[in-house]
Amino acid sequence: MKKAQSLRNFLSGAIPELQTDPQRLKMFVETGNIVARSGDTLSFEYRFTVRLIMLDFSASLDLFAVPLLAWLSTYQPDVLQNKDKAAKALRFDVEVLANDKIDLVIEVDLTESVIVKEDKDDAGRQRLTTEHKGEIYHPMPYASGDYSLYLGDKIGAEWHQTQGLD
C-alpha cells in the first residue's frame, strides 16, 4: 500500500515538529479490507483506516489538519467531495498532557486501487503484474507545489512536493 507511506512522508515534510523529530508520528494501518469482484482480471481495491498518532504535539491543531486536508484533496479527493464520506472519513481524539502539549490521534479512511494485468514473459510463461492506480486529481492539488500555512503572521507549516505517490 503506497498511500499510507505517502501520507506519512508528506506530513513529515510539512509539519515542522516532524521535520526535527519524525519518530513522534506513529502510523498504523487498521481495519483493512481487500475488495475484489469476479471478472476478467484479478484487480482489486484496498480499503483501510490509517491511524496517525502525533506524540507530544505542542502546535496548533490547524498545523496538522491543513496539510492532512491538502494531501487528501490530491490523493483521496472523494473523502472531501462526498458529503457522507466527509462526515465520517476523518476522526480524531486528543489527550491533553500539559497546558501546551497533547497526544493527537487521527484516523483516516483511505482506498487504493490495484490493477492486475496478465501477459507473457520472455519465456512465454503467464505473468501477472500489479500497478497501484492513482486517483483522478482534484483541480486544486494542494499537496503538490509550494505552499506555506500561516498562523497569524508566522509560517506554521510548509510543503514543497511534486505530484505522485512515490
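Colleague: What makes D103 a buried residue with no salt bridge?

Modeller: Buried means under 20% relative accessible area, with exposed over 50% and partly exposed in between (1.4 Å probe, protein chains only), and D103 is buried. A salt bridge needs a side-chain nitrogen of Lys or Arg within 4 Å of a carboxyl oxygen of Asp or Glu. Lys and Arg count as positive, Asp and Glu as negative; His and the chain ends are not counted. The nearest side chain of opposite charge to D103 is R24, 7.5 Å away. Therefore D103 has no salt bridge.

Colleague: What do these values rest on?

Modeller: This is a predicted model: local features need pLDDT of at least 70, side-chain atom pairs count only at pLDDT 80 or more, and totals for chains, interfaces and linings use all residues. Residues are numbered from 1 along each chain as its sequence is written, and side-chain values use heavy atoms, leaving out hydrogens and water.

Colleague: What does the side chain of D103 have as a polar contact?

Modeller: The backbone nitrogen of D56 lies 2.9 Å from a polar atom of that side chain. The cut-off is a pair of N or O atoms within 3.5 Å; within protein, one must be able to donate a hydrogen and the other to accept it, and residues adjacent in sequence count only if both atoms are side-chain atoms. So the D56–D103 pair falls within the cut-off.

Colleague: Where is D103 found?

Modeller: In strand β4, residues 101–120. Strands (E, at least two residues) and helices (H or I, at least four) are DSSP runs, numbered from the N terminus.

Colleague: How do you know that β3 and β4 pair?

Modeller: Two strands pair if DSSP finds at least two bridges between them. Here 8 bridges join β3 (residues 90–98) to β4, so the antiparallel strands pair. A hairpin of 2 residues joins the strands.

Colleague: Why is D78 with K85 called a salt bridge?

Modeller: Their closest N and O atoms are 2.6 Å apart, so the pair falls within the salt-bridge cut-off. K85 is partly exposed because its relative accessibility is 39%.

Colleague: What makes K117 and E131 a salt bridge?

Modeller: N to O is 3.1 Å, so that pair also falls within the cut-off. It links distant parts of the chain: K117 in β4 and E131 in β5 (residues 126–133), 14 residues apart. K117 is partly exposed at 43%, and E131 is partly exposed at 41%.

Colleague: How many salt bridges does the structure hold?

Modeller: It holds 10.
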